[in-house]
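Welcome! Try each task before reading its solution.

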Amino acid sequence: MPCKSCELEPVISRRYSGEILCKKCFLRSFEKNANKELRTQINHLSSELKINRIGIGLSGGKDSTVSLHILNMYYKNRGIDLIALCVDEGIEDYRSESLDYAKKYCSDLGVEIRISSYKELIGMTLEELLRKNPPAGSPCSPCGVLRRRSLNNMAKSTNVDCLVMGHNLDDFSQTVLMNHSRGDIPRLVRMAPHRYVQSGFVPRLLPLRRLPEQEVYLYAILKGMNFHDGDCPFASKAQRNIFRKMLLELENKQPGTRHSLLNGMEKIRANSPAPLKLSSCPSCGEPSGGNGPCVFCREFGSFAV
Ligand code: SF4
Ligand code: ZN
């Protein structure tokens with residue numbers, strides 16, 4: 001069937017919405033969706049802060065590369081500074097390659113880039129840490145704590161007002177389902193995109209959260225973008241893989257499930273009180289969810305450089 005708007009050959013059939021789109025209509029629809037989402041998220045925050053400088057968590061993979069492309073397209077020439085913030089976990093044969101893509105794209109766009117490593121943060125690469133302290137569960141748990149700390153440190157030291165992340169609809173709906181399955185409503189309500197500014201914590205925004213992973217991939221390919229298309233060697237150990245598999249099956253049988261999970265999460269959030277003010281970790285002074293030390297200090301305090 002041809003594109004419903006202009007009768008040209010289609011590049012995509014969206015089962016969740018019934019749209020059939022040619023290349024031009026798909027690109028336009030994708031950009032409109034991402035830009036509208038970002039504008040809405042910025043508007044929610046703008047009662048609390050003025051956005052002059054935006055950081056983007058960049059890995060060189062498709063999601064963050066497309067997010068930077070969208071930001072550059074809509075925000076760079078509006079007097080807003082962009083800066084790419086990259087994390088080097090020290091994963092051999094993986095991260096240095098993806099960072100090469102990140103550096104090249106930033107240089108093409110004239111966007112400043114900063115890279116911070118786990119080695120600088122805790123004196124060890126992720127692989128050295130895993131050898132020294134093998135985790136009981138997935139390596140992604142310590143990696144996630146270290147990544148959040150590295151990004152928040154860079155975001156604060158570069159004075160960005162908010163941090164854009166590349167999470168797509170698949171990532172987002174998996175996280176919603178994971179939080180539901182644990183009955184963890186406080187965490188569900190606290191998820192990015194953040195609506196409130198918490199002292200010491202740079203709010204995160206997610207322009208691609210309503211766009212499925214396959215569409216982000218298609219967009220990057222159709223735009224001829226160069227991105228790193230490899231998986232972390234530890235990716236098969238991630239706990240979220242089971243949720244990914246379940247959601248793909250559900251989406252296949254019931255198109256629109258991922259969007260419904262997102263919309264349901266927003267309804268719960270709209271009916272929840274504003275999150276409690278984060279306390280400061282007594283050890284490092286960074287924001288902490290509870291009254292005691294933050295998760296970084298609890299798990300890596302003895303290694304912190
Ligand atoms: Fe870290 Fe897991 Fe992501 Fe690899 S897949 S970079 S270990 S969070
Ligand atoms: Zn701490």
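**Exercise 1.** Find which side chain meets that of Arg-209 in a salt bridge, and which parts of the chain the pair links.

*Solution.* 
Step 1: A salt bridge is a side-chain nitrogen of Lys or Arg within 4 Å of a carboxyl oxygen of Asp or Glu. Arg-209 meets Glu-266 in this way, at 2.9 Å from N to O.
Step 2: Arg-209 sits in the loop between β7 (204-205) and α9, while Glu-266 belongs to helix α11 (residues 257-270), so the pair links distant parts of the chain, 57 residues apart. Helices (H or I, at least four residues) and strands (E, at least two) are DSSP runs, numbered from the N terminus.
Step 3: The model is predicted; local features need pLDDT of at least 70 and side-chain atom pairs count only at pLDDT 80 or more, while totals for chains, interfaces and linings use all residues. Residues are numbered from 1 along each chain as written, chains are lettered from A and ligands numbered from 1 in written order, and side-chain values use heavy atoms, without hydrogens and water.

**Exercise 2.** Decide whether Arg-209 and Glu-266 are buried or exposed.

*Solution.* 
Step 1: Buried means under 20% relative accessible area, exposed over 50%, and partly exposed in between (1.4 Å probe, protein chains only).
Step 2: Arg-209 has 4% and is buried; Glu-266, with 12%, is buried too.
Step 3: Both belong to a salt-bridge network that also includes Glu-37, Arg-195, Arg-210 and Arg-269.

**Exercise 3.** Which salt bridge joins Arg-14 to Glu-215?

*Solution.* 
Step 1: Their side chains meet at 2.8 Å, N to O.
Step 2: Glu-215 lies in helix α9 (residues 213-222) and Arg-14 in the loop between β1 (10-13) and β2 (20-22), so the pair ties together parts 201 residues apart in sequence.
Step 3: Both residues are buried.
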